[in-house]
Protein chains: 2
Amino acid sequence: MSLIVVGTMAFDALETPFGKVDKIIGGSATYVAWSASNFTQPIKQVSIIGGDFPQSEIDALKKRGVEFDGVEVVPDGKSFFWSGRYHMDMNTRDTLITDLNVLAQFNPQIPENYQDCEFLMLGNLAPAVQMSVINQMKKRPKLIVMDTMNFWMESAMDDLHKVLGMVDVLMVNDSEARQLSGEYSLVKAALKIQKMGPKYLIIKKGEHGALLFHGTNVFFAPALPLEEVFDPTGAGDTFAGGFIGHIARTKDISFENMKTAIIVGSAMASFCVEKFGPERLVELTHAEIEQRIEEFVELVNFDINLVQ
Amino acid sequence: MSLIVVGTMAFDALETPFGKVDKIIGGSATYVAWSASNFTQPIKQVSIIGGDFPQSEIDALKKRGVEFDGVEVVPDGKSFFWSGRYHMDMNTRDTLITDLNVLAQFNPQIPENYQDCEFLMLGNLAPAVQMSVINQMKKRPKLIVMDTMNFWMESAMDDLHKVLGMVDVLMVNDSEARQLSGEYSLVKAALKIQKMGPKYLIIKKGEHGALLFHGTNVFFAPALPLEEVFDPTGAGDTFAGGFIGHIARTKDISFENMKTAIIVGSAMASFCVEKFGPERLVELTHAEIEQRIEEFVELVNFDINLVQ
């Protein structure tokens with residue numbers, strides 16, 4: 001019943017219209033783990049960190065059922081570092097610094113006790129690295145979900161196409177879906193991308209919600225309208241964590257259950273943006289999560305009784 | 001049980017990435033009438049047109065239960081003309097020409113047989129004109145809905161504030177809500193705007209759906225993801241027509257019923273954008289409308305069963 005999460009564990013420096021932090025814990029696998037661990041444990045983490053990654057953060061994640069056998073530590077290396085500045089609309093950002101550091105040598109080894117996992121979440125990484133993880137699995141997981149980004153579409157499209165042929169669910173944002181497909185219409189983009197491999201496509205639209213496509217079926221989940229979006233960093237990975245966490249908990253990979261998983265992911269993402277970095281996720285209670293999911297039900301629930 | 005619709009009846013010239021038309025029927029009251037008449041008749045139209053407005057269009061609307069007693073015809077005048085060009089994203093457009101023509105002398109007179117109407121839809125017009133209509137009603141309608149635009153916020157803010165104090169529902173798009181309130185967050189904007197008068201606020205976000213605010217309650221309706229948005233002209237007015245048409249049909253002005261009305265409005269708007277101008281609305285059948293509303297139910301319907 002367990003879940004493998006592959007991705008970065010890093011430091012971020014962030015600037016938003018509401019404030020600034022010079023160094024905070026970040027990385028796709030960090031956000032996915034904090035989010036998914038609310039729904040399923042253990043989480044079998046695969047990543048690479050430098051000797052500078054705080055032991056306290058590792059301990060906190062371990063307490064949440066995150067296993068570190070697949071996390072390579074490079075004692076004299078530095079962890080991946082990303083720095084960005086958000087614009088007023090919080091949907092767009094400039095990358096200021098990308099220091100790959102130990103990530104440059106990331107060649108993940110899947111430990112023996114990670115085999116037989118049913119669910120695999122591939123955070124945004126070089127497609128070749130994502131592919132290497134899939135190839136190391138002795139038994140194909142029941143569901144493979146991957147994230148990617150425009151950078152790989154520009155620099156590693158061949159590899160990206162190969163991985164796309166190996167996964168079940170692709171998660172990208174709207175501009176990435178357009179870039180990958182060459183189609184402006186998201187409906188057309190979704191049809192094209194499904195032909196590349198993934199039978200399910202999730203298009204994240206930030207404050208405008210998320211779409212799930214499967215064949216000609218479409219499901220839409222809104223983002224919760226918030227008084228303040230404090231820091232959107234990690235929202236996409238937190239969404240992914242809620243999605244895969246719910247799927248791993250229920251072991252149900254039907255389209256119907258993926259709809260619920262997207263609502264769970266959206267609820268988790270709505271917490272993430274309330275504070276800097278993963279701060280809000282760390283302090284979150286089950287009661288708060290359930291209440292937030294109820295807010296989503298309220299948000300979209302309507303009574304259709306159109307007898308003319 | 002009848003509905004008064006106040007607004008423009010006009011000619012438009014449109015350019016979208018998909019094509020171009022030099023002269024097509026347009027105007028807020030035209031779209032509202034075509035849309036609302038699917039749900040309620042008669043529609044008591046209030047507008048002004050020139051002698052150039054085609055009799056065939058008037059006849060077609062009359063067949064749909066649209067009454068013209070409140071439509072002033074200026075035989076030697078020209079109808080309002082608007083010309084615009086849409087950008088690739090279809091959410092933004094440039095106004096190329098605005099010829100007010102007879103609209104410059106629009107001083108609506110509410111006919112005696114329009115009195116006692118329960119529902120009043122004020123399309124986008126000078127706030128002073130909207131106010132004059134409200135003041136002419138001998139008995140206050142059960143529900144007054146108004147549309148407005150950024151132009152009036154810049155040129156007639158005092159009048160606009162006066163009208164806002166007299167209506168129940170305000171419909172604006174997201175950038176207009178931000179401009180009117182001075183708040184970037186739509187949640188904060190909604191709270192501020194409700195204090196200006198309207199107890200219900202609908203924020204239209206085009207392809208990103210629509211939000212209904214009432215107190216601290218929020219409802220979100222998505223836009224249907226479409227393969228092609230051919231021409232967004234009139235989509236907002238068509239949405240308004242579906243909304244007020246459903247309300248007038250059901251005579252239920254509760255928040256719960258407004259949710260359904262917004263879904264109906266969204267369904268109508270999704271048709272509007274499929275062809276140039278009101279073409280698609282004119283040919284629409286009840287069966288198509290019901291099927292489209294079903295698609296909205298499918299689009300947002302999810303099963304929440306989160307027993308942990």
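In this predicted model, the contact between the two chains is built from 44 residues of chain B and 44 residues of chain A. The size of an interface is often given as the accessible area lost when the parts come together. For chain B and chain A that area is about 3,900 Å², and 61% of it lies on carbon and sulfur atoms.

Twelve residue pairs, both members at pLDDT 80 or more, are in polar contact between chain B and chain A. On the side of chain B that touches chain A, at least two residues each come from α7 (186-195), β13 (217-221), α8 (235-250), α9 (255-272) and α11 (286-300) of chain B. Of these elements, α11(B) supplies the largest share, with eight residues. Sorted by class, that side of chain B holds 23 nonpolar, nine polar and twelve charged residues.

A single residue can show how the two chains meet. S185(A) sits in the loop between α6 (174-181) and α7 (186-195) of chain A, and it touches L226(B) and E227(B), when residues up to four places away in sequence are not counted. Is S185(A) buried or exposed? Its relative accessible area is 12%, and because buried means under 20%, S185(A) is buried.

From the interface we can turn to chain A by itself. An unreviewed UniProt entry annotates residues 19-278 of chain A as "domain: Carbohydrate kinase PfkB". The span of residues 19-278 of chain A is 36% helix and 26% strand, and its end C-alpha atoms lie 15 Å apart.

Side chains of opposite charge can pair when their charged atoms come close. Over all chains, a search of the whole structure finds 33 salt bridges. In one of them, the side chains of K138(A) and E112(A) meet with N and O 2.8 Å apart. This pair links distant parts of the chain, 26 residues apart, as K138(A) is in the loop between α3 (127-136) and β9 (143-147) of chain A and E112(A) is in the loop between β7 (93-99) and β8 (119-122) of chain A. K138(A) is exposed, with a relative accessible area of 62%, and E112(A) is exposed as well, at 57%.

Chain B has a salt bridge between K138(B) and E112(B), with the closest N and O atoms 2.7 Å apart. K138(B) lies in the loop between α3 (127-136) and β9 (143-147) of chain B, and E112(B) in the loop between β7 (93-99) and β8 (119-122) of chain B, so the pair ties together parts that are 26 residues apart in sequence. K138(B) counts as exposed at 62% relative accessibility, and E112(B) is exposed at 58%.

Another salt bridge of chain B joins K204(B) to D147(B), the closest N and O atoms being 3.8 Å apart. Because K204(B) lies in strand β11 (residues 200-204) of chain B and D147(B) in strand β9 of chain B, this pair ties together parts that are 57 residues apart in sequence. Both K204(B) and D147(B) are buried. In chain A, salt bridges that share partners join E274(A), K275(A), R280(A), E283(A), E288(A), R292(A) and E295(A) into one network.

Where in chain A does a cis peptide bond join two residues? It joins Q41(A) and P42(A), with omega about 0°, and P42(A) lies in the loop between α1 (28-36) and β4 (43-50) of chain A. In chain B, the peptide bond from Q41(B) to P42(B) is cis, with omega near 0°, and P42(B) is placed in the loop between α1 (28-36) and β4 (43-50) of chain B.

N101(A) has a positive phi of about 50° although it is not a glycine; N101(A) lies in the loop between β7 and β8 of chain A and is partly exposed, with a relative accessible area of 29%. For N101(B), phi is positive at about 50°, although N101(B) is not a glycine.

Methods
Residues are numbered from 1 along each chain as its sequence is written. Chains are lettered from A and ligands numbered from 1 in the order in which they are written. This is a predicted model: local features need pLDDT of at least 70, side-chain atom pairs count only at pLDDT 80 or more; totals for chains, interfaces and linings use all residues. Side-chain values use heavy atoms; hydrogens and water are left out. Contact means heavy atoms within 4.5 Å. Buried area is the accessible area (1.4 Å probe) that two parts lose on being put together, summed over both. A polar contact is a pair of N or O atoms within 3.5 Å; within protein, one must be able to donate a hydrogen and the other to accept it, and residues adjacent in sequence count only if both atoms are side-chain atoms. Helices (H or I, at least four residues) and strands (E, at least two) are DSSP runs, numbered from the N terminus. Ala, Val, Leu, Ile, Met, Phe, Trp, Tyr, Cys and Pro count as nonpolar, Asp, Glu, Lys and Arg as charged, and the others, Gly among them, as polar. UniProt positions are given in the numbering used here, feature names are shortened, and annotations may be inferred rather than shown by experiment. Buried means under 20% relative accessible area, exposed over 50%, partly exposed in between (1.4 Å probe, protein chains only). A salt bridge is a side-chain nitrogen of Lys or Arg within 4 Å of a carboxyl oxygen of Asp or Glu.
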